[in-house]
Amino acid sequence: METSRSNDPLVSSGTACDLVTVPTRQGLEAVDILRRGAGDVVGPVLHDDGHDTLAFLVPPGTAAAWNVPGSTCTETDGRGLRLAPEPPVEGSDWLLPPGEADLATDPAVLQRALGEAARLIEAADSCR
């Protein structure tokens, strides 16, 4: 299980959350899977082009039990994340901005979507 405490500048006073970070390709597949599901089950998602990652906002405390290979769940220590229309870090942008999505993605639903995304990517890559 990968967890870390954040000293990242994108974390500041605001809504308490943890961040699940995954490679962009897997994250985009997971977003598609989540958006095809029943209801609005995906919260804000941040794209960091410089690091080729997506970060899903999840409820605080998720990092304590997160155990998904290929991803990292970062605790924000209750400091939260600025949920403003502008991206919180230079070089990043909201894929799903706050206000257009639920406040946070359900971690169990995200875990299933990331697993399905990994299987789809593996199957697609094996066909090459």
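I'm working from a predicted model, where local features need pLDDT of at least 70, side-chain atom pairs count only at pLDDT 80 or more, and totals for chains, interfaces and linings use all residues. Numbering runs from 1 along each chain as its sequence is written, and side-chain values use heavy atoms, with hydrogens and water left out.

I then listed the buried residues of α2: Leu-110, Ala-113, Leu-114, Ala-117 and Ile-121. Down the helix axis they fall within an arc of 105 degrees, so they line one face (the arc is taken over directions from the axis to the C-beta atoms). I looked up what covers them, and found β3 (18–23), α1 (24–36) and β5 (53–58) included. Helices here are DSSP runs of H or I, at least four residues, and strands are runs of E, at least two, numbered from the N terminus.

**Length and cap.** At the N-terminal end I found Asp-106 as the cap, with a side-chain oxygen 2.8 Å from the backbone nitrogen of Ala-108.

**Cores.** Which residues touch the most other members of the largest nonpolar core? I got Val-20, Val-45, Phe-56, Trp-66, Leu-110 and Leu-114, out of 20 residues (a core is a set of buried Ala, Val, Leu, Ile, Met, Phe, Trp, Tyr and Cys joined through side-chain atoms within 4.5 Å). β3, α1, β5 and α2 each put in at least two residues. Another core, of six residues, lies apart from it, with Cys-17, Leu-19, Leu-46 and Trp-94 among them.

**Thr-24.** I put this residue in helix α1. Buried or exposed? Thr-24 counts as buried, at 9% relative accessibility. Leaving aside neighbours within four places in sequence, I see Thr-24 in contact with His-47, Asp-52, Thr-53 and Leu-54 (contact means heavy atoms within 4.5 Å).

**Confidence.** I noted a mean pLDDT of 80 for the protein chain, with 73% of residues at 70 or more (pLDDT is the predictor's confidence in each residue, from 0 to 100). Confidence is highest in α1, at 95, and lowest in strand β1 (residues 3–5), at a mean of 40. Over residues 1–13 I see pLDDT stay under 50, and the model has 38 contacts beyond four places in sequence for them.

Definitions and conventions: Buried means under 20% relative accessible area, exposed over 50%, partly exposed in between (1.4 Å probe, protein chains only). A polar contact is a pair of N or O atoms within 3.5 Å; within protein, one must be able to donate a hydrogen and the other to accept it, and residues adjacent in sequence count only if both atoms are side-chain atoms.
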